[in-house]
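Biologist: Before I rely on a model of this kind, I would like to learn how its features should be read, one at a time. Could we begin with a helix and go on from there?

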Amino acid sequence: MWRVAFAELRKLRRPTLFLGTMGAVVFFSALFSSLLFLLIDSPQGNSDRGRVVGRAVLGLATGGVQGFSSVGGFLGIIALCVFAAQTAQEYTYGTLRNLLVRQPGRLRILLGKFVAMKLFALVMIFLAAIVSIGASVILAPGAKVSTDLWFGPDGRQAILTTFVNVIISVIGFGTIGMVLGLLLRSPISAISIGVLWLLIVENLLIAVKNSLQDWLPGAQLSAIASGGTPRGSAQSIEYSHALLVGGIYVAVAVTIASFLFVRRDVAN
Amino acid sequence: MYGERAALSHATFEVPLGTVCGFVGPNGSGKTTTMRMLLGLITPSGGTGEILGHSIKHPEKYLPRVGAMIEGPAFYPALSGRENLNYLATLGGFSTDHTQGLLEQVGLGDRAKSKYKTYSLGMKQRLGIAAALLPNPQLLMLDEPTNGLDPEGIQEVRDLLRTLANNGTSVFVSSHLLSELEIISDYLVMLRKGEVVFTGKINDLLHAQQPIIIAKGQNESDLDTLLSIARSAGHHATIRDGALHVEGPKEWAAILNKAAFDAGITLLQLTPQLPNLEETFFEMTGEK
């Protein structure tokens, strides 16, 4: 498994992919966090979908990670795309047969690729945390937001908790991307179906019937990133509920995809 | 099985160690399916097989000693040739120190840092062969290794396979270039519609064939007379490429020569020869 992971890292570290993805992470992390402070007095709201996050909330111990937790869902979408593309392209390039000849243990291949992509996602999350918290620290004084509590014991706890939540969420999104890549065997199909579902279909379904947000996979994973409150929702999803339902979705998807990957013939 | 259709059945053959074994058959005869099965890429619905003493049900036991290129080369386009080889070396647990040497061995040393997507078809093919050589294999399985190569490249691959076999590597190679296989192969497995129609030494196959006598008269109009002479003597004869092809023992060439002389025909060519692999292949597979 580790040999597969190390080999996969050779692919993931290539400049176009690595720098391109990290550039997007830096840009959007900075943007999400900056808007919180730059638009703090805007009547249109300063967070996603017109949500208002005021000075009082930003001044709390959790204020420093407001931007980071907001960008968590977006990091999830990036992870979904990267995981889906890296998995499905083995089919489109025809390279899967090379992999299986050199490493016939199919589950090892799957696990190794997953480990490598998880490491890639961790770098992405770590970078997003630094950029978004850094941007918050720089912009807070100008927005007259107190940062006194941000790095105290509660603040450090909030940073750690948010970091872990974002990791769980992003890995969840990434895993769904990997499953879509395995099932659809085409990067374009896997990414477009995944992104369409998460960004459009789920939101439409929730708009039609609000209670559905408790049961849709994307909503659960977003809720995990934000510690229990999904972005832009009218009502909150409990963290434990999101963890349970999201976990079930991911576990079922992984089981089905792994079974198919192990059993399916590699015919082309 | 592909649905109700058996892609391969009654395919019993052995490949001796340390030989170059050609694997031939018309399109759709099951060559690639066989190779996929032997490499553990697809699971046969029945039957047994062994490679290097291990059942094909456990490819993990023999694949570390097997190099393969099947269905053409396939690599990551955004990585260079060397990065692609390093990727596979890391995956297989082989040292990456030898990748440059392998690239030089297949003539890609100076293009090692170029991205795979910039390679020509011949260069891609060479990289595929280099990847197959990564494990320093005991068995090398190559599917159409000379596709896209220029005559010089074909010659190089031929020499490489011969050298590997001389050094003890067993080479199992499929190709539609039967003349190439005839030159390099010691052994042959011939498939037709998923069934083995011949397995054995290539010389045994060719020597078992009815020799052909090729005759050409001074004038083109002589061919019809020569044809009737051959047929009246009970031999199967055809006119192809401006010459008479007669199936029969090489001794009959002397009789044909005398009969032609008696008919007032001066022969420009009279050559008794064994059919080549291509002719034998067409004869045995019923392909044109």
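Biologist: Which residues of α10(A) are buried, and against which helices do they pack?

Modeller: An α-helix has 3.6 residues a turn, so residues three or four places apart point the same way. In this case the buried residues of α10(A) are A:Ala242, A:Leu243, A:Val245, A:Gly246, A:Tyr249, A:Val250 and A:Ala257. Their packing partners are α7 (153-184) and α9 (217-225) of chain A.

Biologist: How should I read the contact between the chains, and how many residues does it take from chain B and from chain A?

Modeller: The size of an interface is often given as the accessible area lost when the parts come together, but here I describe the contact by its residues. There are 24 residues from chain A and 25 residues from chain B in it. On the side of chain B that touches chain A, α2 (59-62) and α3 (81-92) of chain B each supply at least two residues, and the largest share, seven residues, belongs to α3(B). Sorted by class, that side of chain B has 16 nonpolar, six polar and three charged residues. For the complex, the predictor gives an ipTM of 0.80 and a pTM of 0.78.

Biologist: Where in chain B is confidence lowest, and where is it highest?

Modeller: Where pLDDT is low, the predicted coordinates should not be read in detail. Chain B averages a pLDDT of 83, and 95% of its residues score at least 70. Within chain B, the lowest confidence is in helix α11 (residues 277-285), at a mean of 73, whereas the highest is in α3(B), at 91.

Biologist: What does the domain assignment of chain B give, and how many residues of domain 1 of chain B are in contact with domain 2 of chain B?

Modeller: The assignment gives domain 1 (20-206) and domain 2 (209-285) of chain B, and their C-alpha centres lie 40 Å apart. In the contact between them, 13 residues of domain 1 of chain B meet nine residues of domain 2 of chain B. On the domain 1 side, α7(B) gives the most, with four residues, and by class that side has nine nonpolar, two polar and two charged residues.

Terms used
Residues are numbered from 1 along each chain as its sequence is written. Chains are lettered from A and ligands numbered from 1 in the order in which they are written. This is a predicted model: local features need pLDDT of at least 70, side-chain atom pairs count only at pLDDT 80 or more; totals for chains, interfaces and linings use all residues. Two residues are in contact if their C-beta atoms, placed from the backbone, lie within 7 Å. Ala, Val, Leu, Ile, Met, Phe, Trp, Tyr, Cys and Pro count as nonpolar, Asp, Glu, Lys and Arg as charged, and the others, Gly among them, as polar. pLDDT is the predictor's confidence in each residue, from 0 to 100. Domain bounds come from an automatic or database domain assignment. A residue is buried if 20 or more other C-beta atoms lie within 10 Å of its own, exposed if 12 or fewer, and partly exposed in between; C-beta atoms are placed from the backbone.
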